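Please study the sequence and the structure before reading each solution.

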Amino acid sequence: MENGIVKPTDENFVNLYNGISSILKNARENAYKAVNFAMVTSYWSIGKLIVEDEQNGNARAEYGKAVLEQLSEKLTAEFGKGFDTSNLRYMRLFYNAFPICDTLRHELSWSHYRMLLRVKDEKARNWYMNEAADQSWSTRQLDRQISVLYYERLLSSQDKESVVLEAKKKMTELETKQFIHDPYVLEFLNLKDYPALHESTIEQALIDNLQHFLLELGTGFCFESRQKLMRYEDDDFYVDLVFYHSVLKCHVLIDLKLGKLTHGDVGQMDSYIRMFDAQYKRDDDNPTIGIILCSEKNEAVVKYSVLADAKQIFASKYELALPKPEELEKQIKMDRLLIEEQMKKDGDE
């Protein structure tokens, strides 16, 4: 300590900070486990009730579909997101796959269990469940191990040690921050999925400015949502900005890339468009449009994307109604320059 100022390297300060940090990390870990266990057991119980209801002489497919749709509507109205018919079906499958609740591993999340339902063999499924819990596999790691048939290869291999060593190299620990970022946890608690959870500082500032710029154009952009969650099977996707264009009568999806534009980015946008149209497009809406923005320092690229089977007349029309690529390039270059200058200034102070 010099002149009353504590240095971050002082031993007492380091010990104090490490002690507080340890308390907070343990508290977050316990919070994650508590919420996760409550969610998983609740979904198991819901699945049990649905299965028992169907087994009471009402197991016909038409009946089950109608009941799930009505349940989804009422549960969503009262408890928020997370109760669409797809998730309710997973709860039903969950109970059928794991009929004894006490055998469930509380270390695993609902995303883990949804992934485990892909494994049809009961022995393999239970093995993956226990291994994922014991080794603290993330959902990404579990997905990889199932995809490469880790259990099956281990079972048939004469050199099991080499298979295990290879798998351990790919291991990543389950991070506590998944408690904050997991959309299922947020839905279960009926909490808002704040955009800032998925954006870096510079990305958040760029999207702020871009959103303001498009609304200021006055050409029909109506803001709908930010970091829009779209779910497809076991994967969650986020679209940076979603607008409805009152002139074109269609939705406009905008995705921001902080690096160079790749073919994968274009393919991803086309997937976003197809998913969005399948889940949100109304019958009287025109095809959804996607705009990909690249904010790299030296070059800003704008890519428009619309489904290949869209009417060419409409494709020509949207080119007249939307901002010109040059306008967007100029705006995003200027925004990034100003943001980086401000960040540098704040860092110097």
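A residue counts as buried under 20% relative accessible area, as exposed over 50%, and as partly exposed in between. The model used here is predicted.

**Exercise 1.** Determine whether Asp285 is buried or exposed.

Solution. The relative accessibility of Asp285 is 7%. The cut-off for buried is under 20%. Asp285 therefore counts as buried.

**Exercise 2.** Identify the salt-bridge partners of Arg282 among Asp284 and Asp285, and classify the exposure of Arg282 and Asp284.

Solution. Step 1: a salt bridge requires a side-chain nitrogen of Lys or Arg within 4 Å of a carboxyl oxygen of Asp or Glu. Step 2: between Arg282 and Asp284, the closest N and O atoms lie 4.0 Å apart, and the pair forms a salt bridge. Step 3: Arg282 also meets Asp285 in a salt bridge, at 3.4 Å from N to O. Step 4: Arg282 has 42% relative accessibility and therefore counts as partly exposed. Step 5: Asp284, at 63%, counts as exposed.

**Exercise 3.** State which residue Asp265 pairs with in a salt bridge, and whether the two partners are buried or exposed.

Solution. Step 1: Asp265 forms a salt bridge with Lys257, with 3.7 Å between the closest N and O atoms. Step 2: Asp265 and Lys257 are both buried.

**Exercise 4.** How many salt bridges does the model contain by this rule?

Solution. The count is 10 salt bridges.

Technical notes: Residues numbered from 1 in each chain as written. Predicted model: local features only at pLDDT ≥ 70, side-chain atom pairs only at ≥ 80, totals over all residues. Heavy atoms only, no water. Buried < 20%, exposed > 50% of the residue type's maximum accessible area, 1.4 Å probe, protein only.
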